[in-house]
Amino acid sequence: MSTIVAVLNQKGGVGKTTTAINLAAALAKQSKTVLVVDLDPQANATSGLAIDKSKLQTSVYDVLVNGAASSTAIIESSVGGLYVLPAAPTLAAAEQELVSVMSRETVLKNALTGVEFDYILIDCPPSLGLLSVNALVAANAVLIPVQTEFYALEGLGLLMQTIQRVQAGLNPQLQLLGIVMTMMDARNALSKQVVDEVKKHFGGHLFETCIPRNVRLAESPSFGKTIFEHDKWSKGARAYKALAREVVTR
Ligand SMILES: Nc1ncnc2c1ncn2[C@@H]1O[C@H](COP(=O)(O)OP(=O)(O)OP(=O)(O)O)[C@@H](O)[C@H]1O
Ligand SMILES: [Mg+2]
């Protein structure tokens with residue numbers, strides 16, 4: 001059975017997509033088979049993995065709304081072992097179109113039934129709407145990237161409540177895989193305070209690995225490359241490799 005991980009934080013720009021892509025690539029480097037499901041109409045994970053979202057025949061939208069089989073939409077990326085269920089901007093309409101569908105929260109779960117990879121990572125949009133709820137219902141675990149900044153904890157309460165509501169209802173199996181601090185600046189005293197603060201609230205849920213602020217991570221999607229193809233010796237690459245090791249042991 002696949003381990004399905006929803007990469008979720010309703011806050012925008014905290015590093016969800018960067019984490020989904022590079023954690024997936026790190027797992028693939030450890031000889032795991034990995035699928036990235038792009039569940040964000042911005043389609044950043046799709047373009048970050050060098051897939052032209054304007055030329056897609058079939059995307060996750062068709063899978064969710066038109067009942068297309070996932071297998072017809074899944075594409076192999078340029079990284080060995082790493083596959084993508086891509087998104088196109090049309091996905092923005094899905095949130096509305098699914099509202100009237102029966103079992104609208106379980107559409108993704110049903111679509112992923114029988115789809116076998118070691119890991120399936122779902123890159124969620126920055127909201128707690130129906131797409132993100134579908135991710136939580138389909139997943140076994142949630143990974144929350146938190147940007148190392150003053151407002152880091154803001155919104156985490158609501159996110160935890162949403163996770164608990166899904167656990168109490170549609171998906172009792174759902175677990176919190178962990179919280180990963182992103183864009184950490186180790187030389188900045190505030191960064192350390194923020195990490196301590198998150199640790200105080202979430203203790204053992206915090207991954208030991210913090211993802212540093214690293215320009216190589218920021219620029220790699222513009223080349224359609226994961227950090228390992230772009231600069232495998234960068235601090236960013238080493239951090240995602242370490243995070244992958246932690247994810248496998250959890
Ligand atoms: N560790 C990092 N170091 C430097 N830049 C980073 C890092 N992580 C992410 N970024 C940059 O910060 C921006 C936001 O990151 P990303 O797109 O991964 O966040 P997101 O949570 O997926 O955003 P959205 O909510 O819009 O989907 C991007 O420009 C990305 O390249
Ligand atoms: Mg994103």
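Cys 124 is buried, at 0% relative accessible area, whereas Cys 210, at 25%, is partly exposed; buried means under 20% relative accessible area, exposed over 50% and partly exposed in between, with a 1.4 Å probe and protein chains only. Because the model is predicted, local features need pLDDT of at least 70 and side-chain atom pairs count only at pLDDT 80 or more, while totals for chains, interfaces and linings use all residues. Residues are numbered from 1 along each chain as its sequence is written, and side-chain values use heavy atoms, with hydrogens and water left out.

**Salt bridges**
- The structure holds seven salt bridges, each a side-chain nitrogen of Lys or Arg within 4 Å of a carboxyl oxygen of Asp or Glu.
- Glu 219 pairs with Arg 216, the closest N and O atoms being 2.4 Å apart, and a network of salt bridges links Arg 216, Glu 219 and Asp 231.
- Because Glu 219 and Arg 216 are three residues apart in helix α10, about one helical turn separates them; helices are DSSP runs of H or I with at least four residues, numbered from the N terminus.
- Arg 187, exposed at 78%, forms a salt bridge with Asp 185 (3.6 Å, N to O), and Asp 185 is partly exposed at 24%.

- Ser 220 lies in the loop between α10 (215-219) and α11 (227-230) and is buried, with a relative accessible area of 2%.
- Leaving aside neighbours within four places in sequence, Ser 220 is in contact (heavy atoms within 4.5 Å) with Lys 225, Thr 226, Ile 227 and His 230.

Terms used: Chains are lettered from A and ligands numbered from 1 in the order in which they are written. Helices (H or I, at least four residues) and strands (E, at least two) are DSSP runs, numbered from the N terminus.
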